[in-house]
Amino acid sequence: IIQGLNTAGAKNPVFMLDEIDKIGMDFRGDPSAALLEALDPQQNNTFSDHYLEVPFDLSEVLFITTANVLETIPLALRDRLEVIPFPGYTETEKLHIAKNFLLPKLFTDHGLKKRALSFSDSALSDIIQKHTREAGVRDLERQLATIIRKVTRKLVESPSSKQIALTKEIIHKYLGPAKYTHQMAETKDEIGRATGLAWTPVGGEILDIEVVKMPGKGKLTLTGQLGTVMKESALAALSFARAYASKFGVKEDFNMDDIHIHVPEGGIKKDGPSAGIAITTALISMFMKKPFRKEVCMTGEVTLRGKVLGIGGMKEKVLAAHRAGLKVVILPADNKKDMEDIPKEIKKDMKFYFAKTMEDVLKIALK
């Protein structure tokens, strides 16, 4: 820090501390303890540098730090930071960034004239959806650069004055088969399943939740690499679903049935409370033998009394639902305020319902 001040030649510069969430704590010491003193405006006016061995006033320095996840930043250090969350880019935003910024930059870097090569919008969308999975555009730039390098070589080997048009159909010749696939909406209404929505650091995803019961001793099995919060959510969902089914006249004794809740894509770790209402709906669909509507998806936490609680990451989740072709989204009433973040074209294309209780959810979700 002192060296940086010396280089800047000022006592009030802006310091950029990148990737603060990657701080490691080991036998060599704890860097976050040193940062506590440096970043806290209440105590950094007497910051003591171990090289100079004299106190130095850092109160005029503006520190900006970046992080991908907050959970790995020590609590004491996080308490001293003002957190400004940035959502990931939507697919439409990535398309415009690629057209207006990335491609002109890459053409210049590779010595290509703009008219030598053109990308169709469908080709760019294909690259964004099937060859990248990220919150930003770093990998997208890398994939576009790969294509441009191959085209440049082709032009050097056999010069042509014709413009090369890259379409969706010929992208795979340059990038190979699709690296990623996104789950799409189901094609028929089914009993014992529900579509939930999940947030990931690289955007939203849809979660298929499947439930099955078989004769046994009342054992609950949870599979699909679920974290602690999601397991507890499933237990609360099962208790509510059993109580709800008996209240509405289901005569079967579920206490003697083994119940298996599975969230596919077992290779991916899943956690968080927002699948609560989807798990509950899948269970009630199975208990009451009512099919779940294929065009519906939902997100929200559930309580034992059947209340629907708010969630985070709503924009990313709704965008994932739209991409998958789902038309009806059930959201917690507490999240109505977040609707201003949803793009207008998606609001026109989808129906949004805000639920306060599980009864509100089931009226829409089950046939």
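1. Just after helix 10, Gly 325 adopts a positive phi of about 90°. Helix 10 covers residues 314-323; helices here are DSSP runs of H or I with at least four residues, strands are runs of E with at least two, and both are numbered from the N terminus. The model is a predicted one, in which local features need pLDDT of at least 70 and side-chain atom pairs count only at pLDDT 80 or more, while totals for chains, interfaces and linings use all residues. Residues are numbered from 1 along each chain as its sequence is written, and side-chain values use heavy atoms, with hydrogens and water left out.

2. Helix 10 itself is mostly covered, with eight of its ten residues buried. Buried denotes under 20% relative accessible area, exposed over 50%, and partly exposed the range in between, with a 1.4 Å probe and protein chains only. The buried residues of helix 10 are Met 314, Lys 315, Glu 316, Lys 317, Val 318, Leu 319, Ala 320 and Ala 321.

3. Glu 19 has a positive phi near 55° and lies in the loop between strand 1 (14-17) and helix 2. Its relative accessibility of 29% makes Glu 19 partly exposed. Gln 225 likewise has a positive phi, of about 55°, and is placed in the loop between strand 9 (220-223) and helix 8. At 40% relative accessibility, Gln 225 is partly exposed.

4. The largest nonpolar core contains 42 residues, and Leu 283, Phe 287 and Met 298 have the most contacts inside it. Such a core is a set of buried Ala, Val, Leu, Ile, Met, Phe, Trp, Tyr and Cys residues joined through side-chain atoms within 4.5 Å. Among the elements that give two or more residues to this core are strand 7 (193-200), strand 8 (203-215), strand 10 (257-262) and helix 12 (358-365). Helix 9 provides the largest share, nine residues. In soluble globular proteins, nonpolar side chains tend to be buried together.

5. Met 298 may be examined individually. Neighbours within four places in sequence aside, Met 298 is in contact (heavy atoms within 4.5 Å) with Thr 195, Gly 196, Leu 197, Ile 277, Ala 278, Thr 281, Phe 292, Ile 330, Val 361 and Ala 365. A second, separate core has 28 residues, including Ala 98, Phe 119, Ile 128 and Val 137.

6. Apart from neighbours within four places in sequence, Ile 97 is in contact with Tyr 89, Leu 102 and Val 137. Ile 97 is buried, at a relative accessible area of 18%.

7. In helix 5 (residues 121-130), the buried residues include Ala 123, Leu 124, Asp 126, Ile 127 and Ile 128. The buried residues of this helix pack against helix 4 (91-109), strand 5 (117-119), helix 6 (138-157), strand 6 (164-166) and helix 7 (171-175). His 131 lies in the loop between helix 5 and helix 6 and is buried at 3% relative accessibility. Among the contacts of His 131, neighbours within four places in sequence left aside, are Asp 126, Asp 139, Gln 143, Ile 171 and Tyr 180.

8. The second largest pocket has a volume of about 170 Å³. A pocket is an open set of points on a 1 Å grid over the protein atoms alone, where a 1.4 Å probe fits, with protein on both sides within 12 Å along at least five of seven lines; lining residues have an atom within 4 Å of a point. The volume is the space filled by probe spheres set on the points, which are joined across faces, edges and corners. Its lining comprises Ile 1, Ile 2, Ala 34, Leu 35, Glu 37, Ala 38, Phe 47, Ser 48, Asp 49 and His 50. Helix 2 (31-39) and strand 2 (47-48) each supply at least two lining residues, and helix 2 gives the largest share, four.
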